[in-house]
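Colleague: Hi! Could you walk me through this one? I'm new to reading structures.

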Amino acid sequence: MAKITRIDQEYNSSVPIIEVEGALNSFGAAQLADVFQEIILEAQKNVIPFIVLALHIDQMSSSGLRTLKAAQRVLAKEIRIIPNEHAQKMLELAGDDRLYPFYPSVEAALRGQE
């Protein structure tokens with residue numbers, strides 16, 4: 001089974017930056033959900049203006065899409081996505097490209113410049 005091969009989380013000031021590599025299928029979605037759970041706990045203590053998510057993935061299932069939607073709904077925060085070509089195509093096919101702004105880099109996402 002394919003899975004996430006790397007998931008990193010760091011903060012730039014109060015903004016969580018998550019980088020995901022590998023497969024965002026049911027297994028990978030569970031791993032990403034754990035990271036979002038940590039951010040939810042952090043958001044209860046500190047103000048988080050938005051989340052930056054860099055997707056370097058080769059596979060995305062409906063589980064991955066549902067994880068993104070659930071995190072955005074629970075956090076009520078914008079998720080700014082830096083997608084690779086595959087992630088962008090999957091988000092567009094699902095019609096979710098209207099939900100998340102796409103950015104070319106982490107730096108652009110932090111500045112809010114698409």
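Modeller: Happy to, and keep in mind that this is a predicted model. Let's begin with helix H1, whose buried residues are Gly28, Ala29, Leu32, Val35, Phe36, Ile39 and Ile40.

Colleague: Where do the buried residues of H1 fall when you look down its axis?

Modeller: They fall within an arc of 155°, so they line one face of the helix. There's a handy rule behind that kind of pattern: an α-helix has 3.6 residues a turn, so residues three or four places apart point the same way.

Colleague: And what do the buried residues of H1 pack against?

Modeller: Their packing partners are S1, S2, S3, H2 and S4.

Colleague: How far apart are the end C-alpha atoms of H1?

Modeller: They are 25 Å apart. With 18 residues at 1.5 Å a residue, H1 should span 26 Å, so the two values agree.

Colleague: Nice. Switching to the sheet: in what order do the strands come?

Modeller: The order is S1-S2-S3-S4, four strands in an open sheet with mixed pairing. Strand S1 (4-12) and strand S4 (78-83) are the edge strands, each pairing on one side only. On average, neighbouring strands are turned by 20° against each other, ignoring direction.

Colleague: What holds paired strands together in general?

Modeller: Strands of a sheet pair through backbone hydrogen bonds, either parallel or antiparallel. Here, S2 (residues 15-24) and S3 (residues 50-60) pair in the parallel sense over eight bridges.

Colleague: Is S4 largely enclosed or left open?

Modeller: Five of the six residues of S4 are buried, so S4 is largely enclosed by the rest of the structure.

Colleague: Which helix lies across S2, S3 and S4?

Modeller: That's H2 (residues 62-75), which runs at about 150° to S4. Helix H3 (residues 85-93) packs on the sheet as well, touching S3 and S4, and its direction makes about 100° with that of S3.

Colleague: Last topic, the core. Which residues touch the most other members?

Modeller: In the largest nonpolar core, which has 25 residues, those are Ile18, Phe36, Leu53, Leu55, Leu68, Ile81 and Leu91. The elements giving two or more residues to this core are S2, H1 (26-43), S3, H2, S4 and H3. A second, separate core has ten residues, including Val15, Ala54, Tyr103 and Val106.

Colleague: What stands opposite Leu53 in S4?

Modeller: Ile81 does. Leaving aside residues up to four places away in sequence, Leu53 touches several others, among them Ile18, Val20, Leu32 and Leu68.

Technical notes:
Residues numbered from 1 in each chain as written. Predicted model: local features only at pLDDT ≥ 70, side-chain atom pairs only at ≥ 80, totals over all residues. Heavy atoms only, no water. Pairing = 2+ DSSP bridges. Axes fitted to C-alpha atoms, helices over the stretch in contact; angles between N-to-C directions. Contact = heavy atoms within 4.5 Å. Core = buried A, V, L, I, M, F, W, Y, C linked by side-chain atoms within 4.5 Å. Buried < 20%, exposed > 50% of the residue type's maximum accessible area, 1.4 Å probe, protein only. Expected span 1.5 Å × (residues − 1). Arc of directions from axis to C-beta.
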